[in-house]
Amino acid sequence: MDEYLNKGIKEIIAEFPEIEEVLNDYDIGCGPCEVGICQLKDIVAIHRLSEDQEQQLMARIAKAIYPDQDIQVPQVEKKAEAEVKRFAYSSPMKKLVDEHVLIKRWIALIPKVVENLDVESEKGRRLILDGIDMIRSYADKYHHAKEEEILFKYFDENTDILQVMHADHTRGRSLVKEMLVALDQKDPKTIAENLMAYRDLLTEHIRKEDEILFPWMDNQLSNHQVGELFSKFDAVDRQIDLSPDKYADFIDRLEKEFEKQEG
Ligand SMILES: [Fe+2]
Ligand SMILES: [Fe+2]
């Protein structure tokens, strides 16, 4: 069984497809996850399972791999450490996760923005431009730049997972470019489609980062590197010509406006 702990979960599922169903029972959807960086031992360390659930899950996986044997379920290495880490991001990683919160609040408003889309009036165009500014300035310049220019540099950027993350950022940028062209051409259909596509893209992207990538990265980084990241993020925040509060205000205002409309 030990040999499987260090094997990629995707590889294990390919060999024993029934394991995918076992994982689904614990709400661990490895099958459709494109990330595919996790080894079996990471699955246990990253996902928020109780100790009992972990033991049950490992027992079922062992049974699927060795149906005819009574396998002793191995204790996952460095369990105590993993237990603490899975509930607590390092402080630089927590900063990125906290920034996701505002981006997720914006994403949650997108269907309402689309419903109210108005490319003709000054007020309608202003809202679209403010939304695009939220994406370009806060989500991209302020947040994605920290990931791409600092965090990801600590890892091998040729790995599938980082290629996927970069590709998601790039796709977000091209959706925004198309929105600006569509706004110029007063084409609400393309703006609406691109806003919704951005919403789907970022929802999945943030979920991958929060639940898989960042906990995994945290496990790989040394304490020294975590400290270094913290000060590099801090330096960027101090140097960048952008006020995060402005974007928090924009989201606050928009949430209130839509609430009023509903009420
Ligand atoms: Fe990202
Ligand atoms: Fe992110």
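**Notes on helix packing in the predicted model**

1. Let's start with a helix pair. Helix α7 (residues 91-115) packs with α10 at an angle of about 160 degrees, and their axes are 10 Å apart. Angles over 145 degrees count as roughly antiparallel, so α7 and α10 are roughly antiparallel to each other. The crossing in which α7 passes α10 is left-handed. Please keep in mind that this is a predicted model.

2. Which residues of α7 and α10 make the contact? On the α7 side they include Met93, Leu96, His100, Lys104, Ile107 and Val114. On the α10 side, Leu195, Arg199, Thr203, Ile206, Asp210 and Phe214 are among them. Sorted by class, the contact of α7 with α10 has 15 nonpolar, two polar and four charged residues.

3. Helix α10 (188-220) also meets α9, whose buried residues pack against α10 and α8 (122-149). Those buried residues of α9 are Ile161, Met165, Leu175 and Met179.

4. As for its length, α9 (residues 160-184) has 25 residues and reaches 36 Å from first C-alpha to last, close to the 36 Å expected at 1.5 Å a residue. Just after α9, you will find lysine 186 with a positive phi of about 50 degrees.

5. One more residue to look at is tyrosine 247, in helix α12 (residues 244-262). Is tyrosine 247 buried or exposed? Tyrosine 247 counts as buried because it has 22 C-beta neighbours inside 10 Å, and the cut-off is 20 or more.

6. Leaving aside neighbours within four places in sequence, tyrosine 247 is in contact with Leu102, Met134 and Tyr138. Serine 137 lies 110 residues from tyrosine 247 in sequence, while their C-alpha atoms are 8.9 Å apart in space.

Conventions
Residues numbered from 1 in each chain as written. Chains lettered and ligands numbered in written order. Predicted model: local features only at pLDDT ≥ 70, side-chain atom pairs only at ≥ 80, totals over all residues. Helix = DSSP H or I, 4+ residues; strand = E, 2+ residues; numbered from the N terminus. Expected span 1.5 Å × (residues − 1). Buried ≥ 20, exposed ≤ 12 C-beta atoms within 10 Å, placed from the backbone. Contact = placed C-beta atoms within 7 Å. Axes fitted to C-alpha atoms, helices over the stretch in contact; angles between N-to-C directions. Parallel < 35°, antiparallel > 145°, perpendicular 65-115°, else oblique. Left-handed = near helix turned anticlockwise from the far one by under 90°. Nonpolar A, V, L, I, M, F, W, Y, C, P; charged D, E, K, R; others polar.
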